Amino acid sequence: MSDLVLETRNLVKHFPLTRGIVFKKQYGAVRAVDGVNLELRRGETLGIVGESGCGKSTLARMLVGLEKPTSGDLFVQGKNMSKVGAEERRRGRRNIQLVMQDPYTSLNPRMTVGDIIGEPFEVHPDVVPKGQRRAKVQELLELVGLNPDHINRYPHQFSGGQRQRIGIARALALNPEIILCDEPVSALDVSIQAQVINLLEKLQNELGLSYIFIAHDLSVVRHIADRVAVMYLGKVVEIGTEDEIYESPTHPYTQALLSAVPVPDPKLRGLRDQIVLTGDVPSPANPPSGCRFRTRCWKAQDICAEQEPLLQIRDKSGHPSACHFAEVRDVVHATE
Amino acid sequence: MTDVNVKMDALAGVDPNALPLQVKNLQVEFRTRNGIAHAVNGVSFDLRAGETRAILGESGCGKSVTAQAIMGILDSPPGFVTGGEILYRGVDLLKLPESERRKVRANRIAMIFQDALSALNPVFTVGFQLAELFRKHRGMSRQDSKARAIELLDLVKIPAAKQRVNDYPHQFSGGMRQRVMIAMALALDPEVLIADEPTTALDVTVQAQIMALLAELQQERNMGLVLITHDMGVVADVADRISVMYAGRVIEEAGVDEIYASPAHPYTKGLLESIPRLDLKGQELSAIKGLPPALTNIPPGCAFNPRCRYAQEVCRKDPAPTLFQVSPSRTAACHFWKEVKGDE
């Protein structure tokens with residue numbers, strides 16, 4: 001086994017659209033995730049960025065097993081999760097845990113913090129023996145920077161940032177290898193965001209975790225990720241190291257996305273090469289033919305409608321991009 | 001757009017040379033069962049025509065309440081304006097009866113809300129809601145006002161405005177709904193536009209569209225814009241002047257370049273340092289420790305003192321530091337602004 005901890009091959013999730021109640025008929029499908037190949041190595045952080053509706057969260061739900069893929073394979077530590085038996089799948093899930101976006105709705109208000117963080121041990125009783133669970137929960141609380149004496153408190157007694165720490169402690173309870181963070185800081189204020197990001201980095205260094213970090217805030221992803229995948233309408237359109245994506249993006253969508261991010265430096269006002277896209281993201285129930293971005297792309301030609309561009313290395317920039325006309329464009333100027 | 005202005009300015013005492021909006025020492029409190037929450041404790045700022053004033057702050061710092069007080073749409077009770085003045089061209093809006101105030105609202109000072117879906121009425125078409133403004137404020141006929149609504153949708157670049165005017169809010173995407181909100185706010189050609197987190201719910205590419213549209217319309221009409229936000233990137237992009245708020249007070253007020261180059265309040269400095277930046281990749285972000293105070297229980301002295309790395313004994317005692325003049329054009333409410341700012 002290499003140091004590849006997670007791999008997806010052509011992962012697809014279609015949600016059927018049905019009509020009628022008695023004689024249900026499927027007349028279409030929302031192609032939420034449409035063939036995604038990703039690799040995650042040990043100790044690495046893979047950032048996934050994209051706008052709402054691009055399939056990032058559906059992808060996350062499939063990776064942790066909350067959603068069954070329509071087709072495609074998911075390998076966790078070399079084991080194909082769609083082929084193994086139920087018991088082994090259950091054990092495999094232990095290795096990949098989720099930190100959710102909203103710390104207000106993802107914690108049960110009627111459970112104490114100790115019960116919330118200890119609940120994974122009910123499902124996987126062999127991880128920590130019964131007598132030591134309380135001590136383990138307190139250890140986890142301390143690990144995420146909370147007071148271990150607060151074990152009997154309820155979620156409403158904590159602030160947003162602290163609740164997100166509880167969510168992180170719960171994800172760590174089963175000693176997973178992979179933590180999947182689905183927009184972990186977007187519900188938090190800026191000053192609290194930095195605290196949680198620092199915590200995630202500290203935990204990665206101490207425990208050797210691999211992260212999949214899903215976010216729409218591109219500057220946060222840039223800070224934390226080693227590699228970045230850009231998604232649009234259920235497909236990865238560009239993937240590469242953080243430097244490759246941010247310094248030399250080749251897909252027009254990546255370029256537009258990066259150029260749209262406001263830079264917190266008034267000196268750069270008017271100097272940025274801002275690409276303002278027209279229109280909205282098309283419906284994933286009826287995606288455009290060929291390249292899915294062509295309806296909003298300024299480079300689109302006839303070939304874009306006829307032939308779907310594959311995610312492959314196209315020019316000397318050296319990272320895969322799904323555009324027929326991939327070409328480096330410098331859109332983000334370094335902030336000093 | 002001449003006839004639009006026919007029925008306006010029945011308001012007495014308006015001085016056309018005075019500033020379009022001046023807020024002086026505004027105080028708002030919420031009387032709740034758990035005690036009085038001091039949401040706004042003496043906020044002052046000026047707005048010139050054509051200027052963009054950003055009000056920057058985290059959730060619960062009183063920025064939206066300030067906007068609601070200016071518009072006169074504060075939930076009352078529990079919210080009460082307990083002091084200060086809100087001057088529109090020299091007229092104190094707080095002293096006007098509701099019937100007079102209604103002439104200002106939407107007419108002279110308009111507002112865009114954060115969540116367009118809940119700000120629009122789901123059971124009326126977008127066209128009806130837009131046209132309503134002209135019927136109520138301008139006494140126009142149904143037909144004329146509908147034509148006006150179509151013009152407005154065109155103005156905010158909604159494609160096929162003629163057809164879309166009959167659509168309901170849920171039939172629009174997030175970005176398009178925000179455009180409808182902007183159209184509604186601009187319908188009566190206001191002099192001041194208050195935008196409360198106009199792009200927070202939107203994706204970055206749509207945010208860029210909306211901000212570009214706002215900037216264009218603002219310039220066309222020489223309109224003053226109060227932009228309420230927590231996004232330091234957006235502020236750096238569009239604002240002329242910034243008021244930073246913390247626990248109901250303005251703690252720093254300056255031009256956009258000054259504040260980003262050398263913040264003079266530790267809170268502003270902390271906020272700027274906690275944004276992930278390229279040159280700090282792989283390093284720990286410098287977070288502000290602790291949490292903002294509860295508004296029912298603001299600490300004595302400077303409200304920021306428990307989280308501040310510059311705090312000394314004097315910061316923990318009342319009265320809270322007032323706004324010190326840092327330079328002719330900027331102020332900061334910190335005893336140690338010289339040290340915070342550094343001497344470059």
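# Notebook: a look around chain B

**Entry 1, the sheet.** I started with the strands of chain B, where four of them form an open, antiparallel sheet in the order β2-β1-β4-β5. A reminder to myself: this is a predicted model. Next I asked which strands sit at the edges of the sheet. They are β2 and β5 (91-92) of chain B, and each of these pairs on one side only.

**Entry 2, one strand pair.** I then looked at β1 (residues 21-32) and β4 (residues 79-88) of chain B, which run antiparallel. How many bridges join them? I found seven.

My next stop was helix α4 (residues 126-138) and helix α5 (residues 142-155) of chain B. Their axes come within 8 Å and cross at roughly 120°, and the crossing of α4(B) and α5(B) is right-handed. Which residues make the contact? From α4(B) I listed G127(B), L130(B), A131(B), F134(B) and R135(B). From α5(B) I listed S145(B), K146(B), R148(B), A149(B) and L152(B). Sorted by class, the contact of α4(B) with α5(B) has five nonpolar, two polar and three charged residues.

Stepping back, I looked up how chain B is divided. Domain 1 covers 21-239, and domain 2 is made of 266-277 + 285-342. Taken over C-alpha atoms, the centres of the two domains of chain B are 30 Å apart. Their contact takes ten residues from domain 1 of chain B and seven from domain 2 of chain B.

Last, I turned to where chain B touches chain A. This contact takes 34 residues from chain B and 33 residues from chain A. On the chain B side, α8 (204-221), α9 (232-238), α10 (256-261) and α11 (266-273) each supply at least two residues. I checked which of the elements gives the most, and found α8(B), with six residues. The residues on the side of chain B that touches chain A divide into 16 nonpolar, ten polar and eight charged.

Key: Residues are numbered from 1 along each chain as its sequence is written. Chains are lettered from A and ligands numbered from 1 in the order in which they are written. This is a predicted model: local features need pLDDT of at least 70, side-chain atom pairs count only at pLDDT 80 or more; totals for chains, interfaces and linings use all residues. Domain bounds come from an automatic or database domain assignment. Two residues are in contact if their C-beta atoms, placed from the backbone, lie within 7 Å. Helices (H or I, at least four residues) and strands (E, at least two) are DSSP runs, numbered from the N terminus. Ala, Val, Leu, Ile, Met, Phe, Trp, Tyr, Cys and Pro count as nonpolar, Asp, Glu, Lys and Arg as charged, and the others, Gly among them, as polar. Two strands pair if DSSP finds at least two bridges between them. Axes are lines fitted to C-alpha atoms, for helices over the stretch in contact, and angles run from 0 to 180 degrees between N-to-C directions. A crossing is left-handed if the near helix is turned anticlockwise from the far one by less than a right angle, and right-handed if clockwise.
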